[in-house]
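Keep the structure open beside the text and find each residue as it comes up.

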Amino acid sequence: MTLTVAHWIYAGVTLAIIGTMLFRRGVVLPALLGTLLVAWVYEKSFAGGLQAIFKANMVAAKELFSIFLIITFMVALLRSLNDLEADRRMVVPIGRMMVNGHMAFLILTGATYIFSLFFWPTPTVPLVCALLVPPAIRAGLPKMGAAVAIALAGQGMALSSDYVMQVAPMLSARAAGVSAAEVADKAMILSLITGVVAIGMAYLTLFRKIRRPEDPRNEREWESVVGVQGKKGETDGGQGQSSSRWGSVFAVLVPLALLGIVAIMIYSKLGGGRSLEGENGAAFVGGVGALLLILATVAHWKVRALDRIADHLVEGLIFAVKAMGPVIPIAGFFFLGNGDFSGGILSDSESAPAFLFDLINSAQSLIPDNRFLAGFGLLIVGMMTGLDGSGFSGLPLTGGLAGALAEASGTDPAMLAAIGQMGAIWSGGGTIIAWSSLVAVAGFTRVSTVDLVRKNFFPVVFGLILSTGLAILIGG
């Protein structure tokens with residue numbers, strides 16, 4: 001296809017978005033203006049450009065609403081469990097197993113990873129920091145070690161795969177034009193490789209700093225951490241012994257239900273029963289979360305549950321909009337570059353161009369037929385997009401580039417999308433960017449955010465390079 005002025009404007013806006021991310025600024029404004037300019041020039045109508053802004057956001061919202069919904073249900077469930085204090089009861093037994101600093105590091109890593117897979121790191125961090133970090137410090141783990149374990153396991157390894165809720169894989173897959181299940185499977189493998197390498201290297205650097213349980217420095221660090229966290233969660237919601245009883249019930253029921261989800265999803269993936277991949281899997285998780293939300297709310301609030309469940313859902317939706325709302329206009333712009341979606345945005349639905357894919361295809365002769373350049377190029381682009389401190393806002397870009405570069409480089413588009421996802425979330429999701437949600441981890445554990453970034457940086461970058469290289473050699 002012959003490139004038009006609109007194609008070059010699209011290319012310029014894409015570069016402007018990347019540049020804006022590099023300067024740690026929001027990219028919603030350039031995405032909206034870019035959609036207007038591209039559509040205005042292509043349609044030769046300012047009114048058409050204005051309509052395209054709305055249509056692009058509408059298409060993106062329609063494609064991504066399932067993501068908002070599952071976040072809403074899972075966060076609402078966590079709020080209802082907080083009413084019962086079941087969230088606290090679920091993790092207290094874990095703290096009793098921390099007999100020394102080394103075991104504390106291992107348990108803190110595992111617990112953070114599992115909870116973050118199901119509830120995302122943002123609501124998990126306050127829970128884990130309040131209940132597991134104090135006993136970990138008393139066992140001999142320095143508070144910096146606790147912060148590293150939480151950041152790498154939750155905001156790195158768990159969030160970069162997002163295997164259960166599948167928000168990230170769906171964002172990457174839709175932009176790349178592949179199935180979410182393909183991206184999710186590959187992202188899970190890459191996240192585990194990156195995570196095990198990064199956490200292992202971080203543990204080795206901390207090994208000599210882990211103290212004996214009787215070391216007096218443990219008590220001083222414990223007091224500093226408990227002091228900053230305060231007495232969060234000491235009230236029982238005013239429901240007395242009934243709340244305590246039901247809290248114990250749900251502290252057992254919820255983990256069993258979540259383990260059941262994992263078992264059923266693994267069974268379906270092995271060919272047994274109904275397929276639960278991609279959106280079907282996300283819908284299953286959301287449905288279980290909704291059922292547990294209903295049961296927990298009724299158990300705690302009785303008749304008043306008729307009103308309280310709506311409050312929890314509103315809290316969940318607000319959280320989802322705050323976390324994912326800015327992604328919609330960004331996704332809308334990059335959907336404009338994908339032929340599967342551009343027809344629903346522009347008036348010429350039959351022959352609407354795929355701006356991004358057309359640009360990449362026209363430059364095929366300039367793109368080396370080299371899988372390593374394509375893979376590491378996507379990794380670098382992903383890490384650059386993560387500089388905005390989000391991790392998710394760059395996924396439409398990395399997904400779109402993965403789909404466009406796959407044919408020229410002879411690489412699996414799902415693998416490229418997963419590599420871009422690793423770069424974006426490991427950097428921007430909260431492991432090596434000081435202005436990301438890493439601030440929350442540092443705040444709860446009372447450590448310097450900059451020092452935490454320094455501790456995480458080399459292990460994370462080395463893990464990403466290793467996993468990307470292995471992906472291209474074995475699965476590219």
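## Around helix H9

Just after H9, Gly-177 takes a positive phi of about 75 degrees. Helices here are DSSP runs of H or I with at least four residues, strands are runs of E with at least two, and both are numbered from the N terminus. This is a predicted model, in which local features need pLDDT of at least 70 and side-chain atom pairs count only at pLDDT 80 or more, while totals for chains, interfaces and linings use all residues. Residues are numbered from 1 along each chain as its sequence is written, and side-chain values use heavy atoms, with hydrogens and water left out.

How many of the residues of H9 are buried? The count is 10 of its 10 residues, and H9 is described as mostly covered. Buried means under 20% relative accessible area, exposed means over 50%, and partly exposed lies in between (with a 1.4 Å probe and protein chains only). Among the buried residues of H9 are Val-167, Leu-171 and Arg-174.

## H9 meets H10

Two packed helices are described by the angle between their axes and the distance between the axes. For H9 (residues 167–176) and H10 (residues 180–206), the axes come within 8 Å and cross at roughly 125 degrees. That makes H9 oblique to H10. Angles under 35 degrees count as roughly parallel, over 145 as roughly antiparallel, 65 to 115 as roughly perpendicular, and the rest as oblique. The axes are lines fitted to C-alpha atoms, for helices over the stretch in contact, and the angles run from 0 to 180 degrees between N-to-C directions.

The crossing of H9 and H10 is right-handed. A crossing gets that name if the near helix is turned clockwise from the far one by less than a right angle, and left-handed if anticlockwise. On the H9 side, the contact is made by Pro-169, Met-170, Ser-172 and Ala-173, and on the H10 side by Ala-180, Val-183 and Ala-184. Contact means heavy atoms within 4.5 Å. Sorted by class, these are six nonpolar, one polar and no charged residues. Ala, Val, Leu, Ile, Met, Phe, Trp, Tyr, Cys and Pro count as nonpolar, Asp, Glu, Lys and Arg as charged, and the others, Gly among them, as polar.

## H10 and its other partner

H10 also crosses H20 (residues 413–431), with axes that come within 9 Å at an angle of roughly 50 degrees. That makes H10 oblique to H20. This crossing of H10 and H20 is right-handed. Residues of H10 including Val-183, Ala-187 and Ser-191 meet residues of H20 including Gln-421, Met-422 and Trp-426. The contact of H10 with H20 divides into 10 nonpolar, four polar and two charged residues.

Also in H10 is Thr-205, which is partly exposed, with a relative accessible area of 47%. The C-alpha atoms of Thr-205 and Gly-145 are separated by 9.5 Å, although the two residues are 60 apart along the chain. Leaving aside neighbours within four places in sequence, Arg-212 is in contact with Ala-139, Gly-140 and Asn-218.

## H5, H8 and Ser-161

The axes of H5 (residues 101–119) and H8 come within 8 Å and cross at roughly 30 degrees, and the crossing is right-handed. Among the residues that make the contact are Phe-105 and Leu-108 of H5 and Ala-149 and Ser-161 of H8. By class, the contact has 10 nonpolar, six polar and no charged residues.

Ser-161 lies in H8 (residues 143–161) and counts as buried, at 0% relative accessibility. Not counting residues up to four places away in sequence, Ser-161 touches Leu-117, Pro-169, Ala-187, Met-188, Ser-191, Gln-421 and Met-422.

## The whole chain

The secondary structure comes to 22 helices and zero strands. Of the 476 residues, 56% count as buried. Among contacts between residues at least 6 apart in sequence, 79% join residues at least 24 apart.

Which residues touch the most other members of the largest nonpolar core? Of its 145 residues, they are Ile-71, Leu-108 and Phe-392. Such a core is a set of buried Ala, Val, Leu, Ile, Met, Phe, Trp, Tyr and Cys residues joined through side-chain atoms within 4.5 Å. Helix H3 (residues 46–84) gives the most to this core, with 14 residues.
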